[in-house]
Amino acid sequence: MSNLTMTVNGKTVSGSVEGRTLLVEFIRNDLHLTGTHVGCDTSQCGACAIHVDGKLVKACTMFALEANGAEVSTIEGQANGDGSLNVIQQAFKDHHGLQCGFCTPGMVMAAAALLKTNPKPSELEIREHLEGNICRCTGYHNIVKAILAASGQDVSSIAAE
Amino acid sequence: MYNFEFKQPKTISDAVNALESDEAQALGGGQTLIPTMKQRLASPSTLVSLTAIPEMKGICKNDDGSISIGGGTTHADVASHSDIFSGLKTLAENIGDAAVRNRGTIGGSLANNDPAACYPAAALSAGATIVTNNREISADDFFQGMFDTALEEDEIIVSVKFPNPSSSSYQKFVQPASRFAMVGVFLSNFGNKTRVAVTGASEGGVFRWSEAEAALNKNFSDDSIIDLSIDHKDMIEDIHASKEYRAHLVKVMTKRAVASAS
């Protein structure tokens, strides 16, 4: 077992893990932050997407020890300070960007990463950015719409209306 | 996952020392190796992470115009760097997905030499030099077949030096589920010399299509490719594409690369 310390959603946390402990296992099992989901555990579905040092990563495809000293953000840290939904979360609610909700934490984290570097993405850019996030309910359409809306853009003319 | 000893050296020399133990394996960004270990297709007893070695990260332009990319540099950092030539930028920004590109590294991709990986085509086409902890290997000597390279057991890709072609293009026909290249063609044009490297197609891994290069050296036009054909007998065949289809795609992707780089 090795010790590690990292900042998760602004709080310093420590733990002791094996080499094989995945970052998502540390977050869910040790920190009990179960908003980060494990859908496939094969790096394909994106339900475990979080930010490490500001960058979108799949927490099932990184070892916890590799995040030693890092700044980690998960879905639990996305809401506003007063507990209300942030603009991306609110847009997912307003535009019905989820049905079962399993993929949603990853979708929201992916969207947050996109809007940070590209505040006004095109529909195509959003769809390309979501290539590593799989949703089996919505057909993606309302997710794309929600992200467009969260970026302050008109959503009336998006494809497949 | 089965357990193993995890090491995270801070310097190249410490990493090389750690790799000297039996059944030790270097870990780049882990976007291939971690899923492979979960399936027990790889089971090193010691894993030596290369992600905490600052001297292996970053991109710089050399005095001779070439570009050196640290072996631990992620695809996302290659895609967003202003000194990267267009074909290589396109290649890096289309590997996997956004999250994979934030972890996966150029050194990891080249060392693994997956027959459908993108980076080997760029390195071979541009005539890159693979710089390890103890020597420099030209791309022509580096790739030795599917998942096989000239690297020794305890050798690490410290950086990759790319000549800067006057024009370049990477054309990838993606396998629609995995997004790996069903066939990918990287073309580098150095004015009087063109190099064409193909990934995804051959049982032998990445290769140069010398007939296309000869034709393009005479006349750099997609018309030069029309009458060529490539033997399909060594092509990969799987549920996604037959040998003949892959051979055909090599020609189509090469024509697109020429048109795009013209």
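## A cysteine in a loop of chain A

Is Cys137(A) buried, exposed or partly exposed, and how many other C-beta atoms lie within 10 Å? In this model, which is predicted, Cys137(A) has 14 other C-beta atoms within 10 Å; because a residue counts as buried at 20 or more and as exposed at 12 or fewer, Cys137(A) is partly exposed.

Cys137(A) is placed in the loop that runs between helix H4 (123-129) and helix H5 (141-150) of chain A. When neighbours within four places in sequence are left aside, Cys137(A) is in contact with Gln99(A) and Cys100(A). Ser73(A), by comparison, is 64 residues from Cys137(A) in sequence and 25 Å from it in space, C-alpha to C-alpha.

## An open sheet in chain B

In chain B, four strands make up an open sheet with antiparallel pairing, in the order S9-S10-S11-S12. Strand S9 (167-174) and strand S12 (207-208) each have a single partner strand, so each of these edge strands has one side without a neighbour in the sheet. Strands S10 (residues 181-189) and S11 (residues 194-199) of chain B are joined by six bridges, and Phe186(B) has Ala197(B) as its bridge partner in S11(B).

## The contact between the chains

Chain A and chain B each bring 22 residues to their contact. On the side of chain B that touches chain A, the elements giving two or more residues are strand S1 (5-7), helix H2 (33-38), strand S3 (46-49) and helix H5 (98-101) of chain B, and the residues of that side comprise 10 nonpolar, eight polar and four charged.

Definitions and conventions. Residues are numbered from 1 along each chain as its sequence is written. Chains are lettered from A and ligands numbered from 1 in the order in which they are written. This is a predicted model: local features need pLDDT of at least 70, side-chain atom pairs count only at pLDDT 80 or more; totals for chains, interfaces and linings use all residues. Two residues are in contact if their C-beta atoms, placed from the backbone, lie within 7 Å. Ala, Val, Leu, Ile, Met, Phe, Trp, Tyr, Cys and Pro count as nonpolar, Asp, Glu, Lys and Arg as charged, and the others, Gly among them, as polar. Two strands pair if DSSP finds at least two bridges between them.
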